[in-house]
Amino acid sequence: MDYRNILQKVLDSMDENLGEELAIGQIAGEAGFSRWHFSRIFEETVGISPAHYRTLRRLQYAIYAAQRGQSLLDAALAYGFDSYAGFYKAFLREFGCSPSAYLQKTPARPPARFQLEKEAYRMLTHETARKVLRRWGMEQASLEEYRYPSSGYPCESRLWVDKTYLLQEGAAPGVLEKEREMAQLLRKGGFAAPHYLPDSSGSTIAEEEGRWFSLYTLPETVPLMAAELMKPGGETLARRVGAAIAGMHRAIGGCGLPLEERDLEKEAGEWALTAVKREGILPLELCSRWEREFPALHRTLPRQPVHRGLNPGNVLFDGERVIGFQEWNLSTREARIFDPCCFAAAVLSETWGKMEPDGWKGMLAAILDGYDSVAPLSSAEREAAPLVILANQFVFIAWTAEREKLAPIAKVNREMTLWIWKTLFC
């Protein structure tokens, strides 16, 4: 039986009544379950117990209130903590740093509603992390939230361990196997990549209560900042990125895993564009031109294994050149031009509203030229690049529109897609 609809109502109700005491027996009865059965399905579905969920949400809302100007003491009391000391201890245990340290390094974002139907992962808490870290003898290690260095957005499936290792959860064992396989291929191709640590049994994939994890280290790098690619003179760096993407494609071209064959034409045209039209998000002229030109052109494009989620945060950078890549959970077989196009769009998204986008068109051209210098592009690939960018934008807009916590990103991508249309097509 699928309990998600029932549990979603419970989660929403708990969020709306954070200042009240949690009566698990009463909530379970109202949902039609015994206390024991309710607690079991809640933890299996959400990833943590009802009491833990309540504490986590109180912490999230309290720290957001503090980010908006309320004192930490008043925020803690407003969200059900008896004292600041109790709030402080709970926060340190959950986030791995003090509330004041968190305020200094984290931008203010309202806590997003936890949508069971849309979440790829259950909540990865410090409690769960410590259980799995026993496999590596590191259950006492310090834990801290992982944020993408370029965008600052948190990664829900990873945590820093002793500020040195990354604990990663995969949606399935096969996802983690794919990450490990791609890392091996990259190293053989002369790139840097994550190094996976075997646990006490010798395996690099550990299972804990039906969830799968890996622990790895990254080579010493500096963040590749999207803004550096958009500044005057950024074309030189953009060409290096394009060349590195082509080299990465050569390295992973022989991947022996059964990667999914993605059909961008179908995904964008039949699903995403339908949603985009229904919501009236983009001009019909834009949609119609894409539908006329993209399908026939897309079918001629060379296909191979691709990263499919490429952005500055997934690039390993030493300050001058790209030395490697990470985070392969989305990798599939697709038109190879997808990766440079995806990366260029991600740069625009990360800089949108922070700097003028005038340099983006030149940056895109430089990325394609850099790729071409290593793996020559056909005229069809160059012609298709703007249409591939639009297709990816259609998919991303439709996907983010279904997830409340991504509403700011969805808004940015709607705005920049209109700008791309006017810049590259009008």
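T125 sits in the loop that links helix 7 (99–105) to helix 8 (126–133), where helices are DSSP runs of H or I with at least four residues, strands are E runs of at least two, and both are numbered from the N terminus. The model is predicted, so local features need pLDDT of at least 70 and side-chain atom pairs count only at pLDDT 80 or more, while totals for chains, interfaces and linings use all residues. Residues are numbered from 1 along each chain as its sequence is written, and side-chain values use heavy atoms, with hydrogens and water left out.

With a relative accessible area of 3%, T125 is buried; buried stands for under 20% relative accessible area, exposed for over 50%, and partly exposed for what lies in between, with a 1.4 Å probe and protein chains only. The T125 side chain comes to 3.2 Å from the backbone nitrogen of T128. Once neighbours within four places in sequence are set aside, the contacts of T125 (heavy atoms within 4.5 Å) are I48, H52, E94 and L159.

At the level of the whole chain, the secondary structure amounts to 17 helices and 10 strands. The radius of gyration is 23 Å, in agreement with the value near 22 Å that a compact globule of 426 residues would have; this radius is taken over C-alpha atoms, and the globule rule is 2.2 Å times the number of residues to the power 0.38. The C-alpha trace extends over about 65 × 50 × 45 Å along its principal axes. Buried residues make up 53% of the 426 in the chain. Among contacts with a separation of 6 or more, 72% join residues 24 or more positions apart.

Most residues other than glycine have a negative phi, and most peptide bonds are trans. R308 has a phi near 75 degrees and lies in the loop between strand 7 (303–306) and strand 8 (315–317). This arginine, R308, is buried at a relative accessible area of 12%. E327 has a phi near 60 degrees and is placed in the loop between strand 9 (322–325) and strand 10 (332–335). E327 is also buried, with a relative accessible area of 15%.

Q168, in strand 3 (residues 165–170), is buried at 5% relative accessibility. The side chains of Q168 and E179 are joined by a polar contact of 3.1 Å; such a contact is a pair of N or O atoms within 3.5 Å, where within protein one must be able to donate a hydrogen and the other to accept it, and residues adjacent in sequence count only if both atoms are side-chain atoms. Beyond four places in sequence, Q168 touches residues including R158, L176, Y196, W212 and F213. E261, in the loop between helix 11 (235–252) and helix 12 (264–279), is partly exposed at 49% relative accessibility. The E261 side chain makes a polar contact of 2.8 Å with the side chain of R333, and E261 also touches R303. E261 and Q304 are 43 residues apart in sequence, with 9.3 Å between their C-alpha atoms.

As for the cysteines, C97 is buried with a relative accessible area of 9%, and C287 is buried at 0%. The structure holds 0 disulfides, a disulfide being a pair of cysteine sulfur atoms within 2.5 Å.
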